[in-house]
Amino acid sequence: MAKDNSFGIGTLSIHGGQEPDPSTGAVMPPIYQTSTYAQEAPGKHKGYEYSRTHNPTRNALEKSLASLEKGNYGMAFGSGLAAIDAVMKLLKPGDEVIATNDLYGGSYRLFTSIFAKWGLVFHFIDLSNEEEVRAHINDNTRIIWAETPTNPLLKIFDIRKLAAIKDEFDLMLVVDNTFATPYLQTPLDLGADIVMHSVTKYLGGHSDLVMGALVVKDEDLAGQLYFIQNASGAICGPMDSFLALRGIKTLHVRMQRHCENAEAISRFLISHPAVKKVYWPGFPGHNGHEIANKQMRGFGGMLSFELKNDSIDKAFALVSSLKVFTLAESLGGVESLAGHPASMTHAAIPREERLKAGLSDSLIRLSVGLEDSKDLIRDLDAVLKTAME
Ligand SMILES: *Cc1c(COP(=O)(O)O)cnc(C)c1O
């Protein structure tokens, strides 16, 4: 389908960047499971030489991602972290990055354990504090790295405000849009330079692949990132590209239901006597609710909550005895997942540090799936009764 910015997200999810296959008319881009391509004469080919550089299935996916995120160029990688790795390779020793202080753990590990060794300097700060952002900008600053909503407290940062700051100092703004997806938020429209995704989550949507992506508007920046994608080689395969395209076809329908179910569960939890606090961007009073209202088209499928007794043991028991929710890391799939950061994703962080970051002992994170909300609520209600005992 020709590029047309006036199409809605549903039309773009299904048709963005995808034409029926020219040789057969197949409506789905075929899985081009090939490493190389026959050339008519040395150097004379149909645009495809070697599949690290170009593969028709991956290219269809990359165009689809670009159209959804309102960009001009998309790049797909073997994981979300491989996509982040490619962005960091734009930089050179001495360059500095300002990132949110409650960054996705894997991004934090990549920055501090690998790229810091190579001479990049990272500052992890509260991006909602404009003074603090400005105080950390110097001549070596290159990138502001934002994630919104954040994990697991669903904090919201003002992308337009960060974009204004980066324009003032001629920096790049990268937004990890994994939690929101382009259904809820398109950071390039709000002034960001690069949108990053863990396609593993909502875009893939079916918990059956691991993949990452970048989308940009600028041709020169795209050229640099395509060069890194090919030179470092962290691409995704044709089969996974096909699965991601298949997942994306229903992105808009899934996201609508994720949002509805998460709202129903948030409203149930907030009125439950065993629950102290619910973190869901749709509640007035939530950290960043006003900004979410301005920059997002809904509040998403993720939420967290704390128990009134704040007991680590009760929270541990609660997530262990859910029946419809699966106890697992990750998010964004059709099935509902529950996690307990204190004993799972954030177990390696000392308790003092964890509490300082606002992650209490009993905090439970839910990735609300597409099951019937009454079944999800009944599941939670049953285990919350035992949490009060
Ligand atoms: C999962 C995740 C990543 C990393 O992506 P992978 O596909 O697991 O490599 C990055 N950012 C966020 C917000 C994520 O949830």
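Call a residue buried when its relative accessible area is under 20%, exposed when over 50%, and partly exposed in between (1.4 Å probe, protein chains only). Cys259, at 14% relative accessibility, therefore counts as buried, and Cys236 does too, at 4%.

A quick word on the ground rules: this is a predicted model, where local features need pLDDT of at least 70, side-chain atom pairs count only at pLDDT 80 or more, and totals for chains, interfaces and linings use all residues. Residues are numbered from 1 along each chain as its sequence is written, and side-chain values use heavy atoms, with hydrogens and water left out.

| Protein side | Ligand atom | Distance |
|---|---|---|
| Gly80, backbone N or O | oxygen | 2.9 Å |
| Leu81, backbone N or O | oxygen | 2.9 Å |
| Asp176, side-chain N or O | nitrogen | 2.7 Å |

Taken alone, the ligand exposes 380 Å², and the protein buries 93% of that (Shrake-Rupley method, 1.4 Å probe).

Back to cysteines: a disulfide is a covalent bond between the sulfur atoms of two cysteines. Counting pairs of cysteine sulfur atoms within 2.5 Å, the model has zero disulfides.

Methods: A polar contact is a pair of N or O atoms within 3.5 Å; within protein, one must be able to donate a hydrogen and the other to accept it, and residues adjacent in sequence count only if both atoms are side-chain atoms.
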